[in-house]
Amino acid sequence: MHIDMDAFFAAIEQLDQPELRGKAVLVGHDGPRGVVTTASYEARPYGCHSAQPMAVAKRLCPHAIVVPVRGRRYHEVSQQLFAVLDEFSPVVEPLSVDEAFLDAAGCEHLHDSARAMGVALKRRIREQLHLTASVGIAPNKFLAKLASDLEKPDGLTMIGPREIDTLLPALPITKIWGVGPATEARFAAMGIRTIGDLRRWPLERLHKSLGDEAEHFLRLAHGLDDRPVTPDREAKSIGHEQTFEIDLADAQQVRGVLLGQCEQVARRLRQHRLLSGNVTVKIRYGDFQTITRSTTLEALTDATDVLWQAARTLFDTWARQGFSPVRLIGVTAGHLSSGGQQMPLFADAAQERHKRIDQTADAIVQRFGKGAIRRAGTMRDEQPPAARHPFDQ
């Protein structure tokens, strides 16, 4: 199952402020460089959407009401959401604060059918959170995510093996997870506008135009996806990737995004009491060429500063050799261990200081939400919007 809350931030604002219900709401910073975090469904017919400059959204929908982001409140509701999901399956993989995969295998016997399970889940979310969710049910993660998006808002869609070849071919190519505006334009130049168009291309020809991503997109076009639903506590690696709507030509800008990803990865390690012995940085160019750079750490760690130093060194070494505009950046902590590490006889003062910083930052995030505290290097005004559905490992 794929569960995706409907206009999560805007829906919470409408829940908490009844006077906003039924009105066009834009959540985000109302300033010259402000960006829409979430647009309510009443604002979307006017062309408003997430990651859009706030000034553009206000021109498209002049009567929209702009409300600031309340990270603490969204985090609180997110915790309630995942508590509900944990009641329906022991295997839940978070994608973001309002989105997750749920492995229903072995749980369906508790309900009359998979559909009945989806209905019960949606009802529980409505009763406990007073919000709506869209649920997709399918044999794999890609199809489940696709299904949840087909009947938004408040949808419940099932895609079975028989529907794969009847439903997918007619869908636009943008329904494939990871195809944003830039990728869509590249496909259009090849005459590929639907999933059916993509299916007709041989892999060899696709590889010449798309590089390493060719096989990935072709497999998804045929409804094939063998990735398991993996909770953080069972993952062999923990990472974040971010795909940009436009290629980034500013190395410092990319570096700021990478720092933010290191913060998130380290926080997840500490949350699940895991230590990492390896760091990998993934870089994708605008032409879809993808490279990775890895390093083995001197000791197992969950420290933000150590992961960041390793990731920054990998990135800077690559950038000095010839920086190219970046389409995607990602960092992964691998070689995970849940065992303890041998502590040095004499504690390093700097390490102890960074440990206290991490502990304090974790406590602030736990109480006030993910955006409550960040390192200054992540907070560049010109930091770009991300594509709607970045892959999170």
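This report describes a packed helix pair and a neighbouring sheet in a predicted model.

Residues are numbered from 1 along each chain as its sequence is written, and side-chain values use heavy atoms, without hydrogens and water. Because the model is predicted, local features need pLDDT of at least 70 and side-chain atom pairs count only at pLDDT 80 or more, while totals for chains, interfaces and linings use all residues.

Helices (H or I, at least four residues) and strands (E, at least two) are DSSP runs, numbered from the N terminus. Two packed helices are described by the angle between their axes and the distance between the axes. Axes are lines fitted to C-alpha atoms, for helices over the stretch in contact, and angles run from 0 to 180 degrees between N-to-C directions. Helices α11 and α12 pack at about 145 degrees, with axes 9 Å apart. Contact means heavy atoms within 4.5 Å; among the residues of α11 that meet α12 are Leu258 and Leu269, and those of α12 include Trp308 and Phe315.

An open sheet has four strands in the order β9-β12-β10-β11, with antiparallel pairing; two strands pair if DSSP finds at least two bridges between them. Eight bridges join β10 to β12, and Thr280 has Thr332 in β12 as its bridge partner. Helix α11 lies across β9, β10, β11 and β12, at about 160 degrees to β9.

| Element | Residues |
|---|---|
| Helix α11 | residues 251–271 |
| Helix α12 | residues 304–322 |
| Strand β10 | residues 276–285 |
| Strand β12 | residues 326–334 |
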